[in-house]
Amino acid sequence: MGKLLAICTSPKRGTVKTPVPSARLTVEWGIETDAHGGNWHRQVSLLSAEKIEEFRKKVWVDYGAFGENLVVEGFDFRNLPVTSRFSIGDVILEMTQIGKECHNDCVIKQQTGQCIMPREGVFARVIRGGEIHVGDEVILLPPLENAPLRAAVITLSDKGAKGEREDKSGPLAAEMLAAAGYKVEETLLLPDGVEALKAQLIRLADGRQLNLILTTGGTGFSPRDLTPEATLAVADRNAPGIAEAIRYHSLSITPRGMLSRGASVLRGKTLIVNLPGSPKAVREDLEYILPSLAHGVKIAAGLDGECALK
């Protein structure tokens, strides 16, 4: 059990948050008076009071200086899993991301050379709304039983990112994942290349702790087809069997299946699988791998044990 030491808000993005005695939170928005509210996964930011106190030994900062909405005593948020849920009075928050990139114009970083929010801060969405007050108890709720596996889909396409081509493969992959019982947390459309994809794979795997990330596109022989390179660059372990199975299945449909360079890897507990770029190939390959994929994803997440098919 913890305690809410401060509530901080700002009416405009890019301005310092200031303490308020209470606040009203709205479902799928956040704090009503805070500029960072919205229909996204980073509605409310939280920071452990203990981490702020450690920082204050070097430089004194007021609550809200790091851009945090809620300062909570009694929890080391970074060591809790994403999807952890907290109750504060009638309000229920669900953690959605750990850490974030620090802005170049971060005042704290300019003054001290470091900012703890990217490393120690977490974000949450509002599951149940209500009013909170400084001094309220903060309670860590039990994990949800039978929670769905969480996924994201990233489409790689120069023309798609420029708006010159409609992305049909990404939405199809997301639709098929949802039909298979996954909760699709994000869908992204990026230009081909390495750096932007690497950054998003790291954020989704480490910060959002997703179970599965599917990419579509960028797996061929074109000089800009670099999805496998970006995927292998962020990998902790290889998981080649999935990519091999995709190529095997594709070859049963067309000899050009041998030209796919897609990879499949693990980063931490997150499985990353490259799919081809065409909607037809995405459908064919996902229909083939999805029935077996969930078992591997659960093993990686520690939700299932090793077992052989009977």
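This is a predicted model: local features need pLDDT of at least 70, side-chain atom pairs count only at pLDDT 80 or more; totals for chains, interfaces and linings use all residues.
Colleague: What makes β12 largely enclosed?

Modeller: Buried means under 20% relative accessible area. Seven of the seven residues of β12 are buried, so the strand is largely enclosed by the rest of the structure.

Colleague: How do you know which faces of β12 are covered?

Modeller: In a regular strand the side chains alternate between the two faces of the sheet. On one side of β12 the buried residues are R150, A152, I154 and L156, and on the other they are A151, V153 and T155. Both faces are therefore covered.

Colleague: Why is β12 said to pair with β13 and with β14?

Modeller: Two strands pair if there are at least two bridges between them. β12 is joined to β13 by seven bridges and to β14 by five, so both pairs meet the definition. The strands run parallel in the β12 and β13 pair and also in the β12 and β14 pair. R150 has K183 of β13 as its bridge partner. On the β14 side, A152 stands opposite I213, and T155 has T216 as its partner.

Colleague: What makes β13 and β15 the edge strands of their sheet?

Modeller: The sheet is open and has six strands, in the order β13-β12-β14-β17-β16-β15, with mixed pairing. β13 and β15 (237-238) each pair on one side only, and they are the edge strands.

Colleague: Which helices pack on this sheet, and what do they touch?

Modeller: α5 packs on the sheet and touches β12, β13 and β14. The direction of α5 makes about 165° with that of β12. α9 packs on the sheet as well, touching β14, β16 (264-267) and β17 (270-275). Its angle is taken with β17 and is about 170°.

Colleague: Which residues of α5 are buried, and what do they pack against?

Modeller: In α5, which covers residues 169-179, the buried residues are S169, G170, L172, A173, A174, M176 and L177. They pack against β12 (150-156), β13, β14 (212-216) and α9. After the helix comes G181, with a positive phi near 100°.

Colleague: What makes β9 a mostly covered strand, and which strands does it pair with?

Modeller: β9 covers residues 122-128, and five of its seven residues are buried. Three bridges link β9 to β5 (residues 44-48), in the antiparallel sense, and S45 stands opposite F123 in β9. β8 and β9 also run antiparallel, joined by six bridges, and M95 stands opposite A124.

Colleague: Why do β3 and β4 count as a pair?

Modeller: The definition asks for at least two bridges. β3 (residues 22-26) and β4 have two bridges in the antiparallel sense, so they count as paired. T26 stands opposite G30 in β4. Both strands belong to an open antiparallel sheet in the order β4-β3-β10. The edge strands there are β4 (30-31) and β10 (130-133).

Colleague: What is noted about phi at E28 and N146?

Modeller: Most residues other than glycine have a negative phi. E28 has a positive phi, near 55°, and N146 also has a positive phi near 55°. E28 lies in the loop between β3 and β4, whereas N146 is in the loop between β11 (137-140) and β12.

Colleague: What makes up the lining of the largest pocket?

Modeller: The largest pocket has a volume of about 1,400 Å³ and is lined by 50 residues. P81, V82, T83, R150 and Q209 lie nearest its centre. Two or more lining residues come from each of β8 (91-98), β13 (183-190), α6 (195-207) and α9 (279-300). α6 gives the largest share, seven residues. By type, the lining divides into 23 nonpolar, 13 polar and 14 charged residues.

Definitions and conventions: Residues are numbered from 1 along each chain as its sequence is written. Side-chain values use heavy atoms; hydrogens and water are left out. On a 1 Å grid over the protein atoms alone, a cavity is a set of points where a 1.4 Å probe fits but cannot get out, and a pocket is an open set with protein on both sides within 12 Å along at least five of seven lines; lining residues have an atom within 4 Å of a point. Grid points are joined across faces, edges and corners, and a volume is the space filled by probe spheres set on the points. Helices (H or I, at least four residues) and strands (E, at least two) are DSSP runs, numbered from the N terminus. Ala, Val, Leu, Ile, Met, Phe, Trp, Tyr, Cys and Pro count as nonpolar, Asp, Glu, Lys and Arg as charged, and the others, Gly among them, as polar. Buried means under 20% relative accessible area, exposed over 50%, partly exposed in between (1.4 Å probe, protein chains only). Contact means heavy atoms within 4.5 Å. Axes are lines fitted to C-alpha atoms, for helices over the stretch in contact, and angles run from 0 to 180 degrees between N-to-C directions.
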